[in-house]
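Notebook open, structure on screen. I want to jot down what I looked up, one entry at a time.

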Amino acid sequence: MSTQGYVLGPTEGEHLIRNAGSILIKVDPSRGSNNMALGTQQVPIRTGIQVHKHHEADEVLFVLEGTGFGTLGDGRMRIEKGSAIYVPNDVWHGVENPDSELLLLWVVAPTGLEAFFREVASAPGAPPKQLTREQMNEIAQKHGMQVQ
């Protein structure tokens, strides 16, 4: 494990598939970062990100491409390329994208979201995981999250 850091190219990182969209984990404990995790998430049109919260992690969602709506606490606001959503721990948040595919950059501190993605997403080419609401809740709780 390099303590000097590293550079990953655009397609490098751990590739997962969730709701037919690609997730690329770029920074996480498996690569030497014990304090934060970072990656990208492709959110196909109309799939969104279910409203949830992280009990101990702060998160930033940055819109690289597309448009939609971000939910933060009781608010709902339009998001577009260049928008950033800062989510303190224990605040409900989610994303809707009725008209456009989204490409998001996500950052969490401390780590944990990447481990959640590993459990709910599939490797490229593998069949998608079919999880019940109860299974999603159990996995979320295991990783310090709660889903609505």
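**Ground rules.** I'm working with a predicted model, so to speak: local features need pLDDT of at least 70, side-chain atom pairs count only at pLDDT 80 or more, and totals for chains, interfaces and linings use all residues. Residues are numbered from 1 along each chain as its sequence is written, and side-chain values use heavy atoms, with hydrogens and water left out.

**The sheet.** I looked up the strand order of the open sheet: its 5 strands run β7-β6-β9-β4-β11, with antiparallel pairing. At the edges I found β7 (75–80) and β11 (145–147), each pairing on one side only. On average, neighbouring strands here are turned by 25 degrees against each other, direction ignored. For my own reference, helices (H or I, at least four residues) and strands (E, at least two) are DSSP runs numbered from the N terminus, and two strands pair if DSSP finds at least two bridges between them.

**β6 against β7.** I checked this pair next: β6 (residues 67–72) and β7 are antiparallel over 6 bridges. T71 has R76 in β7 as its bridge partner.

**The helix on the sheet.** Helix α2 (residues 133–142) packs on the sheet and touches β4 (49–54) and β11; contact means heavy atoms within 4.5 Å. I noted about 155 degrees between the directions of α2 and β11. Axes are lines fitted to C-alpha atoms, for helices over the stretch in contact, and angles run from 0 to 180 degrees between N-to-C directions.

**Cis peptide.** Which residues does the cis peptide bond join? A109 and P110, with omega at about -5 degrees. P110 lies in the loop between β10 (102–109) and α1 (113–120).

**Positive phi.** I flagged two residues other than glycine. A20, in the loop between β1 (14–18) and β2 (21–27), has phi near 70 degrees. D90, in the loop between β8 (84–87) and β9 (93–96), has phi near 65 degrees. I noted these because most residues other than glycine have a negative phi, and most peptide bonds are trans.

**Buried or exposed?** I count under 20% relative accessible area as buried, over 50% as exposed, and in between as partly exposed (1.4 Å probe, protein chains only). A20 is exposed at 67%, while D90 is partly exposed at 40%. V60, in strand β5 (residues 58–65), is partly exposed at 31%.
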